[in-house]
Amino acid sequence: PDKNDSIDSLFDEDLSNSFMSSLKECLIEGSFKFDFTYLNWDVLEYYEARFVKLKDNEALAIIRNVTETKEKEKELQIAKIKAEEASKSKSEFLANISHEIRTPMNAILGFSEWLHDHVTDSQHKSYLHTILTSGRNLLALINDILDLSKIESGKMNIEMEPMQCKTLIHEIKQVLKQKI
């Protein structure tokens, strides 16, 4: 064959040698594939080369430019890393703010319990019971937010417990009573 038609005229020596080795491997194995990069006008391009044996001394080579696909994979990887970092920051923020909310919440619950135990007026006692129920529910919600990091890391244990539906419904009713 003419020198202008050879692989040596298309690629540098290393890549030409890789093609020739791949072609020889294909003729032995029946098929072969390899990926390579090529510097084209100062732009690094990515390619896939696939070889299939046709006859004893013939092979079909299909070369496909996959630069765009590789670039998109890189972009997706960067986006994934950013999303993971944002999720971690969110979890840290929620944990910090939850700790800050718990301190005043415990004071509110403590004083409300003391008042509930010392107030004799039934209507005031009912209001204090609603404050305590709402406060405990809020504290449970805060604790759930603190557990968010456990959920995200797969370390959250779910415990089945018996519950009193009537008590729960009564507590919800008490919380919403003022709004109704």
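Strands β1 and β2 (residues 43-55) run antiparallel and are joined by 10 bridges. Strands are DSSP runs of E with at least two residues, helices are runs of H or I with at least four, and both are numbered from the N terminus. Two strands pair if DSSP finds at least two bridges between them. This is a predicted model, in which local features need pLDDT of at least 70, side-chain atom pairs count only at pLDDT 80 or more, and totals for chains, interfaces and linings use all residues. Residues are numbered from 1 along each chain as its sequence is written, and side-chain values use heavy atoms, with hydrogens and water left out.

**The sheet**

β1 and β2 form a hairpin with two residues between them. W41 sits in that turn and has a positive phi of about 55°. Across the two strands, N40 stands opposite V43 in β2. Y38 faces E45 in β2.

β2 also pairs with β3. Eight bridges join these two strands, which run antiparallel. A hairpin of two residues links β2 to β3. K53 has A59 in β3 as its bridge partner. E48 has R64 in β3 as its partner.

Together the three strands make an open sheet in the order β1-β2-β3, with antiparallel pairing. β1 (31-40) and β3 (58-65) stand at the edges with a single partner strand each, so one side of each has no neighbour in the sheet. On average, neighbouring strands are turned by 25° against each other, direction ignored.

**Helices on the sheet**

Contact means heavy atoms within 4.5 Å. Axes are lines fitted to C-alpha atoms, for helices over the stretch in contact, and angles run from 0 to 180 degrees between N-to-C directions. Helix α2 (residues 13-29) packs on the sheet and touches β1, β2 and β3. Its direction makes about 170° with that of β1. Helix α3 (residues 67-118) also packs on the sheet, touching β2 and β3. The direction of α3 makes about 125° with that of β2.

Rings of Phe, Tyr and Trp (its six-membered ring) pair if their centres lie within 6.5 Å; planes under 30 degrees apart count as stacked, over 60 as edge-to-face and the rest as tilted. The count comes to six aromatic pairs. F19 and F34 have ring centres 5.3 Å apart and planes at 80°, so the pair is edge-to-face. F19 lies in helix α2 and F34 in strand β1, so the pair ties together parts that are 15 residues apart in sequence.

**Helix against helix**

Two packed helices are described by the angle between their axes and the distance between the axes.

| Helices | Angle | Axes |
|---|---|---|
| α3 and α4 (residues 122-146) | roughly 160° | within 9 Å |
| α4 and α6 (residues 165-177) | about 110° | 9 Å apart |

Angles under 35 degrees count as roughly parallel, over 145 as roughly antiparallel, 65 to 115 as roughly perpendicular and the rest as oblique. α3 and α4 are therefore roughly antiparallel to each other. α4 and α6 are therefore roughly perpendicular to each other.

In α4, S126, H129, T130, T133, S134 and N137 meet E171, Q174 and V175 in α6. By class, this contact of α4 with α6 has one nonpolar, seven polar and one charged residues. Ala, Val, Leu, Ile, Met, Phe, Trp, Tyr, Cys and Pro count as nonpolar, Asp, Glu, Lys and Arg as charged, and the others, Gly among them, as polar.
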